[in-house]
Amino acid sequence: TEAKRTELAKNLDVVWLMKEAGRMPVQVNFELGLGLLARAEVANPSEALVHLYLSEGTMLAYSLDEAERMLRERKEEAEALVRKIEEEQRFLKEQIT
């Protein structure tokens, strides 16, 4: 879950970078596979679509605003899950000792 939270934060950073760039070209690095990165130039980030995996084998294209909203929601869900797990761990630790 921590890895997912980190990945979501990185993805949000790229979306924010593209939104801030407006119509100015921006270079981004993206992961093709484990440890394999590629660099791309987005000519007009304000009109770019962001493709997000929803589940295994399912990818959809979103506008920057939609992608930002979805990534933020998923990040908040991941953070809530981490907090819940940490609370449960504390509770169990107290019960054991």
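Predicted model: local features only at pLDDT ≥ 70, side-chain atom pairs only at ≥ 80, totals over all residues.

Student: Which element holds Glu-2?

Tutor: Glu-2 is part of helix α1. Helices (H or I, at least four residues) and strands (E, at least two) are DSSP runs, numbered from the N terminus.

Student: And how far is Glu-2 from Glu-31 in space?

Tutor: Their C-alpha atoms lie 18 Å apart, and 29 residues separate the two in sequence.

Student: What is the order of elements along the protein chain?

Tutor: The pattern is α-β-β-β-β-α, which comprises two helices and four strands. The protein chain is more spread out than a compact globule, because its radius of gyration is 17 Å, well over the 13 Å that the globule rule gives for 97 residues. That radius is taken over C-alpha atoms, and the rule is 2.2 Å times the number of residues to the power 0.38.

Student: What does the C-alpha trace span along its principal axes?

Tutor: The C-alpha trace spans about 60 × 25 × 25 Å.

Student: How much of the protein chain is buried?

Tutor: Of its 97 residues, 23% are buried.

Student: Changing topic, how many salt bridges are there in the whole structure?

Tutor: The search finds six, where a salt bridge is a side-chain nitrogen of Lys or Arg within 4 Å of a carboxyl oxygen of Asp or Glu.

Student: Which residue pairs with Arg-23?

Tutor: The partner of Arg-23 is Glu-47, with 3.1 Å between the closest N and O atoms. This pair links distant parts of the chain, 24 residues apart: Arg-23 is in the loop between α1 (2–21) and β1 (26–33), and Glu-47 is in the loop between β2 (36–42) and β3 (50–55).

Student: Are those two buried or exposed?

Tutor: Both Arg-23 and Glu-47 are exposed.

Student: Where do Arg-69 and Glu-73 lie?

Tutor: Both belong to helix α2 (residues 64–96), and they are four residues apart, about one turn of the helix.

Student: What about Glu-79 and Lys-75, how are their side chains joined?

Tutor: The side chains of Glu-79 and Lys-75 meet in a salt bridge of 3.6 Å, N to O. About one helical turn separates Glu-79 and Lys-75, because they are four residues apart in helix α2. Glu-79 is partly exposed at 22% relative accessibility, and Lys-75 is partly exposed at 23%.

Student: Which residues are linked in a network of salt bridges?

Tutor: Lys-19, Asp-65, Glu-68 and Arg-72 are linked in that way.

Student: Why can such side chains pair?

Tutor: Side chains of opposite charge can pair when their charged atoms come close.

Notes: Residues numbered from 1 in each chain as written. Heavy atoms only, no water. Buried < 20%, exposed > 50% of the residue type's maximum accessible area, 1.4 Å probe, protein only.
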